[in-house]
Amino acid sequence: MEVPENADDSLPELLHTNNRILLLCIDAELYLNTLKLLSPRWLLKQEVAKIVKSINRQLREKSIKTKVGAFSVLKELVVVLPDCLADHIGTLIPGIEKALNDKSSTSNLKIEALIFTRLVLASHSPHVFHPYIKDLSSPVLSAVGERYYKVTAEALRVCGELVRVVRPNLEEVKECAITCMGLVISTFGDNLGTELHACLPVLVDRMGNEITRLTTVKWMMAMFGMSFTDIKPSYSIATQDDSTCRLVFEVLAPLKNVYRIGLSMRYISFTVMAFAVIAASPLRIDLSCVLQHVIVELTGFLRKANRALRQATLGTLNSLIVAYGDKLGPSAYEAIIVELSTLISDSDLHMTALALELCCTLMADKRSSPNVGFAVRNRVLPQALTLIKSSLLQGQALLALQKFFAGLVYSENTSFDALLESLLSSAKPSPQSGGVAKQALYSIAQCVAVLCLAAGDHKCSSTVKMLIEILKDDGTTNSASVRVVRISLGAYFFGIGFGFL
């Protein structure tokens, strides 16, 4: 590379430029730090000690209005700066006690004091209040017995926060125990031996608990081969080394005891997630001791009102059928299909998409019996034909519906001609509902195109000719049938855009 003749002359200028950039960076950092120091929240935090000292003085006054105003200031302070009173709780307790116990206190003052107490309990760590539990709980429990219902209601809300403070995060402990066990099984399942058969029933038992249910099902998704979380355990350390096995057993033993502490809907959710992580394990964990029971429980979850649980369950069942379908009987498949048919509607398109995807998995399983295809045709197909006429159908739900119709053709459980006739009939106006919405016509046309693409060259050719004949014979250029045929032909000839070619 050639060196410029004036390189020596430009060097001082270059160094000067670099120094200026460095100074600008330093100035920018100082400027940002200055902005931080001058922010209103930071400035307010510096005055918290003085504010609390002044308010404590006001709470000792006789004026009720002054005390109400003092608690109002404290409420705003906690909202703006959560955890700002951690060092001052002890000095505020006497003021709260006096406001709640003093015979001269009005209902309005008691309500303000209770609201502040609830907010401060909710916004600070539980350990901050542990030295003052007795002093704080006594006046609050007395307020529960007040004659004025608003005071009683607010006191009960404070009691709810006190429960969390007295025994903090017990639910979190159970959730973490379930998560930990799921990760241990998914990582060391091939080393657990008899311990595996002792632990799996405990996880299944958590599925009967409404709190741990969702967590368990999501962990099952991982166990059956479906990625759910960012947890990526290192399977290389799961060797036959004795020290590794001892470590696993030491982790599992206390976890089984933690599981047995109470039953309540959130733990079932966490147990669901535990099975999801186990499902992702490449170790192919032997689930023979719990598999049938898990299927029965999951199928029942599809009837639950908890939407998140139903979503997780659909994903778990999908993974389960892919990984362990050869160990399931036709009756299990049919029971799942019955529940799936109730989830397909335009009231929840995301749930509909998941349900249709699970149907596609069921139909794609060559091990399934003819009864499964019969159940899909009689239970799910009528719901799909109703859904396709919805003006709300779009996005992932529409793609899933297209795959569903293609799956019906691939499974050979339903006649192509019957499906085509059903789809084209859906575009015709009915006396009850009148004409079909424009969006519905597009949905029907796309599904017709997908149906043709899935049927193979011979059926495709004859169907395209039939559609062209419909265009020639129908004199009404704007009829629903003509519009569907035009869109269907366009979608067919550009089928790559739909991902089916």
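Before the close-ups, one word to know: a residue is buried when its relative accessible area is under 20%, exposed when it is over 50% and partly exposed in between, using a 1.4 Å probe and protein chains only. What you see is a predicted model, in which local features need a pLDDT of at least 70 and side-chain atom pairs count only at pLDDT 80 or more, while totals for chains, interfaces and linings use all residues. Residues are numbered from 1 along each chain as its sequence is written, and side-chain values use heavy atoms, with hydrogens and water left out.

**View 1. The cysteines C84 and C359.** C84 counts as buried because its relative accessibility is 11%. C359 is buried as well, since its relative accessible area is 0%. A disulfide here is a pair of cysteine sulfur atoms within 2.5 Å, and by that rule the count is zero. C359 is in none: the nearest cysteine sulfur belongs to C360 and sits 7.0 Å away.

View 2. Zoom in on L340 and, beyond residues up to four places away in sequence, you find it touching L302, L314, A355, L358, C359 and L362, where a contact means heavy atoms within 4.5 Å.

View 3. At 1.5 Å a residue, helix 19 (residues 395–411) should span 24 Å, and its end C-alpha atoms agree because they are 24 Å apart; the expected span is 1.5 Å times one less than the number of residues. Just after helix 19 comes E412, with a positive phi of about 60°.

**View 4. Helix 8 and its neighbours.** Helix 8 (residues 149–166) has 18 residues and reaches 25 Å from first C-alpha to last, close to the expected 26 Å. Its buried residues include V151, A155, V158, C159 and L162. Helix 6 (107–123) and helix 7 (133–144) are part of what covers the buried residues of helix 8.

**View 5. L92 and the residues around it.** You'll find L92 in helix 5 (residues 89–101), and it counts as buried because its relative accessibility is 2%. Setting aside neighbours within four places in sequence, L92 is in contact with V52, N56, L74, L85 and F116. I55 is 37 residues from L92 in sequence but 8.8 Å away in space, C-alpha to C-alpha.

View 6. The pLDDT is the predictor's confidence in each residue, from 0 to 100; the chain averages 75, with 66% of the residues scoring at least 70. Confidence is highest in helix 6, at a mean of 93, and lowest in helix 12 (residues 242–259), at 40. Residues 224–265 have a pLDDT below 50, and the model gives this stretch 96 contacts beyond near neighbours in sequence. Over residues 496–501 the pLDDT stays under 50 too, with 12 contacts beyond four places in sequence.

Definitions and conventions. Helix = DSSP H or I, 4+ residues; strand = E, 2+ residues; numbered from the N terminus.
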